[in-house]
Amino acid sequence: MLRAIRTRSGITTLLVLLLIAGVILRTTGHLGPFEDVANRVFNPVQAVLLDLVNGVTNLFGGYQDVNTLRAQVTDLEARLDKATVDEVRIRELEIENQQLRDQLQYKQANPDYTLVGGTILETNNPDRARVLGQDPSNLIHYITIDQGSADDVAVGMPVVTPSGLVGRISEVGTHWSRVLLIVDPTSSVNAVIQSSRATGVIQGAENGLLVMQYLPQDESVKVDDLVLTSGIGGSFPKRLVIGQVVSVTKRDTDLFQEAVVRPSVDFNRLEFVLIIKKFTPTDITSEPTATPTPTVAPTKTPLPTATPSK
C-alpha cells in the first residue's frame with residue numbers, strides 16, 4: 001500500500017516537474033528541439049490512428065450507401081410494376097371503349113331495331129379465361145349474359161355483335177339470360193347466299209363451323225360467298241351477317257348441295273353482345289312451313305323453315 005502511494009506520488013512529482021520545465025523552456029524559447037523530437041515520435045502513430053478512423057468511417061458510410069441503393073432499387077421496381085399495371089389497365093379500357101363504340105355505331109346504322117347491350121358473364125368454352133361454369137355434357141354451346149326479364153329480355157330474341165349473328169335467347173332469369181349460339185348443333189337459322197340469293201338452313205357443325213343445308217342443286221354457291229339471314233320464319237331480321245362459305249359439296253345423286261360456312265363472329269373473343277328486343281319480321285304469310293331437318297327430302301319439297309330452339 002505504501003509502495004503504491006509512493007509510486008503515485010513520484011509520478012505526480014515527475015509530471016509537475018516536466019510541466020514546470022516545459023513552461024520554462026517555452027518562456028525561454030528552448031522548447032523547439034523537444035517538440036521536433038515529439039513530432040517525429042508521435043506523427044507516425046497519429047497517421048495510423050487517422051487512417052484507422054477514416055477506414056471505419058468509410059466502412060459505415062459505404063454500408064449506408066448500399067442500403068440507400070437497395071431502397072432506391074426497391075422503389076424503382078415498385079414504380080415499374082405500377083406502371084405496367086397502369087399500362088395494362090389503360091389498354092383494356094381502350095379495347096373496351098372501341099368495342100362499345102362499335103356497338104353504338106351498329107345501333108345508329110340499324111335504327112329499326114330496339115337494341116340493348118349485354119356483357120358476357122359465362123361461357124362453356126374451356127379455352128376462355130372468364131369461364132364461370134360449363135354445361136355438363138360439354139356439347140351445348142352457350143353464353144350467359146347480364147340481361148334478364150327485369151330488362152324485358154325474352155326467350156327467342158336474337159343476339160348479335162357488330163360482326164354478325166351470335167345466336168338467340170334460350171333461357172331467361174331475372175338478371176341473366178342464356179344464349180344458344182348458332183354453332184350449336186341444335187341451332188338452325190334460315191339463310192340466304194348474298195350473291196345468288198339461294199336460300200337454305202344454317203346449322204351448327206364440328207370445330208366451330210356451320211353447315212348450310214337444303215341448297216337447291218341448280219343454284220350457284222361459291223367459296224367466299226357471304227351468307228346472311230333470310231328473315232324467313234320471323235325468328236331473325238333480314239340481312240344479319242352469318243359468315244362466309246369455305247367449301248361446297250355438290251353431288252348429282254343428292255337432292256340438295258351443302259356449304260360449309262365460317263362464322264363471322266369469333267366466339268372465343270366475345271365480351272359484349274347486343275340483344276335485338278324488337279324488329280320488323282319478314283312477311284311470311286306466303287312461305288310454306290316444313291321441318292328444318294327432314295330425314296328424307298321428297299321431290300319438290302318446299303324449302304324447310306328453321307324453328308326457334310328451346
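Which residue is the bridge partner of N190 in β7? In this predicted model, the partner of N190 is V201. That pair belongs to a closed barrel of six strands, which runs in the order β6-β7-β8-β11-β10-β9 with antiparallel pairing. From one strand to the next, the twist averages 40°.

**The chain as a whole**

- The secondary structure of the chain amounts to two helices and twelve strands.
- Along the sequence, these elements follow the pattern α-α-β-β-β-β-β-β-β-β-β-β-β-β.
- The chain has 310 residues, and 31% of them count as buried.
- Among the contacts with a separation of 6 or more, 58% are made by residues 24 or more positions apart.
- The accessible surface of the chain is about 19700 Å², and carbon and sulfur atoms account for 57% of this surface.

- Strands of a sheet pair through backbone hydrogen bonds, and the pairing is either parallel or antiparallel.
- Strand β6 covers residues 188–193 and strand β7 covers residues 199–204; the two run antiparallel and are joined by five bridges.
- One of the residue pairs between these strands is A191 with G200 of β7.
- Strands β6 and β7 form a hairpin with five residues between them. In the turn of this hairpin, R197 has a positive phi of about 70°.
- Strand β7 also pairs with β8, in the antiparallel sense, over four bridges.
- V201, the partner of N190, has Q213 as its bridge partner in β8.
- Strands β7 and β8 form a hairpin as well, again with five residues between the strands. The turn here includes N207, which has a positive phi of about 60°.
- Strand β7 is mostly covered, with five of its six residues buried.

**The cavity**

- Rolling a probe the size of a water molecule over the atoms shows where empty space is left.
- The structure contains one cavity of 30 Å³ or more.
- The largest cavity holds about 50 Å³ of space.
- Ten residues line the largest cavity, and V189, N190, I232, S235 and F236 are the ones that lie nearest its centre.
- Strand β6 supplies the largest share of this lining, namely three residues.

**Strand β3 and its partners**

- Is β3 covered on one face or on both faces? Both faces are covered: P158 and V160 are buried on one side, and V159 and T161 are buried on the other.
- Strand β3 is joined by four bridges to strand β4, which is made up of residues 164–172, and the two run antiparallel.
- Within this pairing, V159 has G167 of β4 as its bridge partner.
- Strands β3 and β4 form a hairpin with two residues between them.
- Two bridges join β3 to β12, and these strands also run antiparallel.
- V160 has L274 as its bridge partner in β12.

**Residues with a positive phi in loops**

- D152 has a positive phi of about 65°, although it is not a glycine. This residue is placed in the loop between β2 (142–145) and β3 (158–161).
- D152 counts as exposed because its relative accessible area is 56%, and the cut-off for exposed residues is over 50%.
- D224 is likewise not a glycine, yet has a positive phi of about 80°. The loop that holds D224 lies between β8 (210–216) and β9 (226–229).
- D224 has a relative accessible area of 52% and is therefore exposed.

- Y142 is part of strand β2. With a relative accessibility of 2%, Y142 counts as buried, since buried means under 20%.
- Y142 and F267 are separated by 125 residues in sequence, while their C-alpha atoms are 9.9 Å apart in space.
- N268 lies in the loop between β11 (256–263) and β12 (272–278). The relative accessible area of N268 is 43%, so this residue is partly exposed.
- N268 and G208 are 60 residues apart in sequence, and the distance between them is 9.8 Å from C-alpha to C-alpha.

Note on methods:
Residues are numbered from 1 along each chain as its sequence is written. This is a predicted model: local features need pLDDT of at least 70, side-chain atom pairs count only at pLDDT 80 or more; totals for chains, interfaces and linings use all residues. Side-chain values use heavy atoms; hydrogens and water are left out. Buried means under 20% relative accessible area, exposed over 50%, partly exposed in between (1.4 Å probe, protein chains only). Two strands pair if DSSP finds at least two bridges between them. Axes are lines fitted to C-alpha atoms, for helices over the stretch in contact, and angles run from 0 to 180 degrees between N-to-C directions. Contact means heavy atoms within 4.5 Å. Accessible areas come from the Shrake-Rupley method with a 1.4 Å probe; for residues, only the protein chains shown count as cover. On a 1 Å grid over the protein atoms alone, a cavity is a set of points where a 1.4 Å probe fits but cannot get out, and a pocket is an open set with protein on both sides within 12 Å along at least five of seven lines; lining residues have an atom within 4 Å of a point. Grid points are joined across faces, edges and corners, and a volume is the space filled by probe spheres set on the points.
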